[in-house]
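Please look over the model below before reading the points.

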Amino acid sequence: MASMANSDTIERLRGVSKSLRQNLEKSKSIGLALEKAGPRLEEINQRLPFLQAAVRPIRADKDALVAVGGHINRAVGPAAAVLKVFDAVHGLEKSLLSDPRNDLPGYLSVLKRLEEALKFLGDNCGLAIQWLDDIVEYMEDNAVADSQYLLDLKKSLKNLREMQNAEGKARLDGGLLEAALGKLENEFCRLLTEHSVPLPMSSSTGEQACIAPSPLPVAVIQKLQAILWRLIANDRLEKCISIYVEVRSSNVRASLQALGLDYLEISIAEFNDVQSIEGYIAQWGKHLEFAVKHLFEAEYKLCNDVFERFGVDVWMSCFSKIAAQAGILAFLQFGKTVTDSKNDPIKLLKLLDIFASLNKLRLDFNRLFGGAACIEIQNLTRDLIKRVIEGAADIFWELLVQVELQRQSPPPQDGGVPRLVSFITDYCNKLLGDDYKPILTQVLVIHRSWKHEKFQERLLINEVQNIVKAIETNLETWMKAYEDATLGNFFAMNNHWHLFKHLKGTKLGDLMGDPCLKEHEQYKDYYAAVFLRDSWGKLPSHLSREGLILFSGGRATARDLVKKRLKAFNESFDDMYKKQSNWVVPDKDLREKTCQLIVQAIVPVYRSYMQNYGPLVEQDASSSKYAKYSVQTLEKMLMSLFQPRPARYSSFKGRSPSGKFNNGVPDHRRTASAVM
C-alpha cells in the first residue's frame, strides 16, 4: 500500500514539475510580449488626447445625440451629392485637356457636361454649406460638442463660403473650364486661319481670276457656329469677334496687298498738286470698287453666315470692324487728302472722278455700311462727299474769275498760242463731254440744293460760254499789248485759228455756235493777210525793175543799181528772218500754209529777178555779197520758219500762295501731257 502511495506521489510531483515548466515557458513568452507591447502602448498613450478630442462630441447626453442625428443626416445628403459631382468633374479632365480637332462634337458634349456639373455645384454648394452651418449652430445650442471643436468647424465652413463667393467656377473645377474654353478659342482660330486664303490678283490691273474669295465650306461654318454657341454661353462673345475680325481682316489686307495700296497713306505734304498724283486717283476708283464689290461684299455675306444665329447686331458689328481694319478707312482718308490739296482746274476733274466712283458705289455703301455698327464709315463717307461737292463747285465757279485775272499777264513773246487758251478749250470740252457733264451737273445740283437754290442746266452752259468769251477778250487785250504790230497780227492769226480748229466739231463748238466759229476763221484769214502784207509782203518792192528796162547808160551803171537793190533786199530779208525765226505757229497745217504764202510772195519774184539781173553781179568779185541766196536756199529757209519748240509754256495750273492761278511761268517738273 505504501509503495502504491509513493508511486502516486511521484506521478503528482512529475505532473506539477511539468506544469511549472510550462508555466515558466508561458511567463517567458508573456515577458517577451510585454517587452514588445511597451512601445505600442506608449504610441497609444500619445494618441489618446487626439482620440479624446475626436470622440468629444459623443460625450453628450444620449437624448441630445439622438436628436442631432436627424439633422446630420439631412445635411450629409446634399454634401455627399456635391462630392459625387466633384468626382465627376475631375473625371472629365482628361477629355477636356485633349485637342478638340480630334473629335469636336465629342469635345463640345463633354464641355456641356462640365458646364452642367458646374451649374449644379454652383447651385448646391451654397445650400450644402448652409445646412452644415445649421448643424453646427444646433450642436452649439445643445452643447453636443465642446467649443474648440465647434470653432474649428466654423472656420472651415467660413473658408468654403469665401472661396465660393470669391472665385466661383474657377475654384469649383480648378480652372478646367477656362482651359477648355481656351482650347476652343484656339480651335476657332485654327479653323478660320486654315480656310481663309487671300485672293490672288495682278498688281498692274487689279484683275483677278475670280470675283470673290471662296466662301468657307459649310462644314467649317457649322463647326464655327458650334464652337460659338459654347463660347458665347460662357461670355466669350467679344473674344470670338476679336479672333474672327483679326483673321478675316488680315485675309482681306493680304488680298489687297498685291494691288500696291501704299499710295493710300500719302500725306498732303508729299505732293505739290493733284496732277502729281492723278494716276493714283484713277487707281483709287478701281481699287475701291474692287474692294467694295468683291472683298467687302464677301466678308459681309460670310459674317452673316457665321453669326446670323446670334443676332444682326453681332454680325454687323463684326463686319464693321473687319471693314475698318482691312482698309476702307484708308480709302476714304485718301479721298479726303485729295480734297485738302490746293485748288486748280485739274483738281476739279479729279474731284468729279472721285464723286463718280462714290456715286457708282452708293447702293453698295448703303447696303454694306448702312447699319449702326458702321457709323464711323458712314460719317467719313458723308464728310468726303461733302468735301468733294463743295470743292468741285468752288473751283468751277471760280474758273471765269481766274481766266479774267490772266488778262494782266503779258502775251507770249513768240506770238504762239498761250497755254491758257489751249488748256481752256480742251478743258471746257472735257467738262461738256459725256464723261464729265452729267457728273458736274449732278454735283452743282446737289451743291445748290444745300443752299436751297434751284439749278438749271443753262447756268452751266452760260458759265462755259462766259469762260470762252473771257478767253476771246484776253486775246484782244494781248494782241494790243505787243509793241510790234506785226507780231500782234501774227499772234491773232495763231489764236483765232486755234479756236476755230479746236472748237469745230466739239461739244464746246456746238455750244458756241457756227457763227462764232466762222468769225474766228474769218479773223484768222484777215490777220494772216495783214501779217503777210506788213512783213514779208514788203520785200518784193526791193527788187524793183524800174530804171533797168529803159536804162541805156551802160552795164556798169545797171550793175550798181542791181547791187543796191539786192543789198537792200538781203538786209531786209535777214532782219525779218532773224526776228521771225523765234516766232512759232503751233499748228502744222497753219504753219505750212503760212510758209507757203510767204514763199509765193517772195520766191517767184526773187527767181525772176535773179534770172534777169543776176548775171550782172555774178561775174563781180564781190558777187556773194549781193547774190547771197540761191532760190532753193531761200525757199528752204522760208519753209523752215515758225517751228514749235516743246514745253515752251507752263500749264494753266494751281493756286500760288496768293490764291491765284499761275500762267506763263515755266515749270519743267511737268510736261504738257501730264496736265491733261
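The notes that follow take the cysteines, then the ring pairs.

1. This is a predicted model, in which local features need pLDDT of at least 70, side-chain atom pairs count only at pLDDT 80 or more, and totals for chains, interfaces and linings use all residues. Residues are numbered from 1 along each chain as its sequence is written, and side-chain values use heavy atoms, with hydrogens and water left out.

2. Zero disulfides turn up in a search of the whole structure (a disulfide being a pair of cysteine sulfur atoms within 2.5 Å). For Cys-318, the closest cysteine sulfur is that of Cys-303, and at 4.1 Å it is too far for a bond. Cys-318 is buried at 0% relative accessibility (buried means under 20% relative accessible area, exposed over 50%, partly exposed in between, with a 1.4 Å probe and protein chains only). Cys-595 is also buried, with a relative accessible area of 0%.

3. The count of aromatic pairs is 27 (rings of Phe, Tyr and Trp, the last by its six-membered ring, with centres within 6.5 Å; planes under 30 degrees apart are stacked, over 60 edge-to-face, the rest tilted). Phe-531 and Phe-642 are edge-to-face, because their planes stand at 65°, with ring centres 6.3 Å apart. Phe-531 lies in helix H21 (residues 514-534) and Phe-642 in the loop between helix H24 (631-639) and helix H25 (672-675), so the pair ties together parts 111 residues apart in sequence (helices are DSSP runs of H or I, at least four residues, and strands of E, at least two, numbered from the N terminus). Both Phe-531 and Phe-642 are buried.

4. Phe-569 and Tyr-606 are stacked, at 5.2 Å centre to centre and 20° between the planes. Phe-569 belongs to helix H22 (residues 555-580) and Tyr-606 to helix H23 (residues 588-618), so this pair links parts 37 residues apart in sequence. Phe-569 is buried at 1% relative accessible area, and Tyr-606 is buried at 0%.
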